[in-house]
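This report describes the helix packing, the domain arrangement, the ligand surroundings and some backbone details of one protein model. The sequence and the structure are shown first, and the description follows.

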Amino acid sequence: MSTTYKTDFAAIKQQFVLPEGMIYLDGNSLGPLPKATSERVKTCIEQEWGQELIRAWNSAGWMATPTRLGDRIARMVGAEPGCITTGDTLSIKVYQALAAGLELRPERRVVLSDSGNFPSDLYMAQGLLQSLGEDNELRVVEPEAVADALTSEVAVLMLTQVDYRSGRLHDMAALSEQARSVGAITLWDLAHTAGAYPVRLADCQADFAVGCSYKFLNGGPGAPAFIYVRPGLKEQVRPALSGWLGHEAPFAFDLDYRAGHGIERMRVGTPPILQMAALDVSLDIWDQVDMDELRARSIELSQLFIAEVEQRCPALRLASPRAPEERGSQVSFAFDEGYAAMQALIARQVIGDFRAPDIMRFGITPLYLDEGDITQAAERIELVMRDEEWRRPEFQVRAAVT
Ligand SMILES: Cc1ncc(COP(=O)(O)O)c(C=O)c1O
């Protein structure tokens, strides 16, 4: 029997568009469409853009939207008010935060990260360090070796809290404390934890954090990223991407840049208002969710999924940590023919995804999944594996997006 929660997960599930017969286990990649989104975006297009036109920057509050949305996200990631703004893409926000962090430690040359980090974060670091000069180093170690590699040489510790392939969860509190003890700045990528896990940025005294809103937050494809700077630093950091909307007085049109107040300085240029309207309405759903209950429910469903799949499909090997407290909100299985098996599964209306070389990923999202979905998904995975449906030639053809 399942636990009783204050959060009404069954009622929340009804607030999403979920195609008939489909079981959606890919909310860790792209969240589904909330039912209220179309109407809100339509109003934004037809009333605000259509009727108000340029006046909407003031009359519809467009200009204040990025930081207003940041404050809505703050509760979910345990941040103080006024410390998050939204906009751009996550890769851009990684660059901004890393550049600002490095300037806080001018005497140090090492950015420490791990091989479980998302490649774009590593690429952004490589590009930035190259611009800064050859004596800078991006040091990438195995996830288990991060604590030992965290020495007083490190300027910035840059990690993604949950590994996008395995779902392994880093201990943010312990690593942030250790980083502080050696004088390193911390930068956390929350792409796979915002909306999936009760992140506690303020309690952990994290310096910077970044994340996206198209995965667990359900803001839609191309939804804006967010950036957090802790209160003690937000008036101090220098924005490397010094765009006009991060200026202290954008409409003074000064020829020289002066950083805006606090987190506003991490804005760059014109915000994507239509995407922000979609994110705004998806955050209404999150206002109904207790984050600790979400975590409990995610573990409950993940444990059921692992038990069902392992019992039915001996050929699949669990590629996520077995202990729930070491995992985010996804479960991965390794299988040599994982790509083709995932295509066969998608044909059976169970949507997950594949990450090279052999990982089948399944996002466990309590907002719109329940025990019935989990059991049905496991039944269909069993059919794909038992009948070796993945051998069919049409499932072997690789698409551009896996
Ligand atoms: C952990 C992580 N960091 C960074 C990115 C890149 O994000 P974006 O494409 O929005 O720049 C992703 C994309 O999935 C991600 O999962």
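## Helix packing

Helix α4 passes α10 in a left-handed crossing. The structure discussed here is a predicted model. The axes of α4, which spans residues 65–74, and of α10 come within 11 Å and cross at roughly 25°. Angles under 35 degrees count as roughly parallel, and α4 and α10 are therefore roughly parallel to each other. On the α4 side the contact is made by T65, L69 and R72, and on the α10 side by I273, M276, L279, D280 and L283. By class, the residues of this contact between α4 and α10 divide into five nonpolar, one polar and two charged.

Helix α10, residues 273–286, also packs with helix α2, residues 37–52. Their angle is about 145°, and the axes lie 9 Å apart. The crossing in which α2 passes α10 is right-handed. From α2 the contact takes T37, R40, V41, C44 and I45, while α10 contributes I273, L274, A277, A278, D280, V281 and S282. Eight nonpolar, two polar and two charged residues form this contact of α2 with α10.

The passage of α12 over α13 is a right-handed crossing. A341, A344 and L345 of α12 meet R380, I381 and V384 of α13. In this contact of α12 with α13 there are five nonpolar residues, no polar residues and one charged residue.

| Helix pair | Angle between axes | Distance between axes | Crossing |
|---|---|---|---|
| α4 and α10 | roughly 25° | within 11 Å | left-handed |
| α2 and α10 | about 145° | 9 Å | right-handed |

## Domains and their contact

The protein is divided into domain 1, made of 9–30 + 290–395, and domain 2, made of 38–286. Taken over C-alpha atoms, the centres of domain 1 and domain 2 are separated by 29 Å. Domain 1 gives 24 residues to the contact, and domain 2 gives 18 residues. On the side of domain 1 that touches domain 2, the elements giving two or more residues are α11 (291–312) and β10 (330–334). Helix α11 gives the most to this side of domain 1, with four residues. By class, the side of domain 1 that touches domain 2 has eight nonpolar, 11 polar and five charged residues.

## Ligand surroundings

Which residues come nearest to the ligand? Of the 13 residues around the ligand, these are T89, L90, S91, F118 and A191. The elements that give two or more residues to this shell are α5 (90–103) and α6 (119–132). The shell around the ligand has six nonpolar, five polar and two charged residues.

## Backbone details

Two loop residues complete the description. A cis peptide bond joins A356 and P357, with omega about 5°. P357 lies in the loop between β12 (353–355) and β13 (359–363). Q205, a residue other than glycine, has a positive phi, near 50°. The place of Q205 is in the loop between α9 (201–204) and β7 (208–211).

Key: Residues are numbered from 1 along each chain as its sequence is written. This is a predicted model: local features need pLDDT of at least 70, side-chain atom pairs count only at pLDDT 80 or more; totals for chains, interfaces and linings use all residues. A residue is near a molecule or strand if its C-beta atom, placed from the backbone, lies within 6 Å of it. Ala, Val, Leu, Ile, Met, Phe, Trp, Tyr, Cys and Pro count as nonpolar, Asp, Glu, Lys and Arg as charged, and the others, Gly among them, as polar. Domain bounds come from an automatic or database domain assignment. Two residues are in contact if their C-beta atoms, placed from the backbone, lie within 7 Å. A crossing is left-handed if the near helix is turned anticlockwise from the far one by less than a right angle, and right-handed if clockwise. Axes are lines fitted to C-alpha atoms, for helices over the stretch in contact, and angles run from 0 to 180 degrees between N-to-C directions. Angles under 35 degrees count as roughly parallel, over 145 as roughly antiparallel, 65 to 115 as roughly perpendicular and the rest as oblique.
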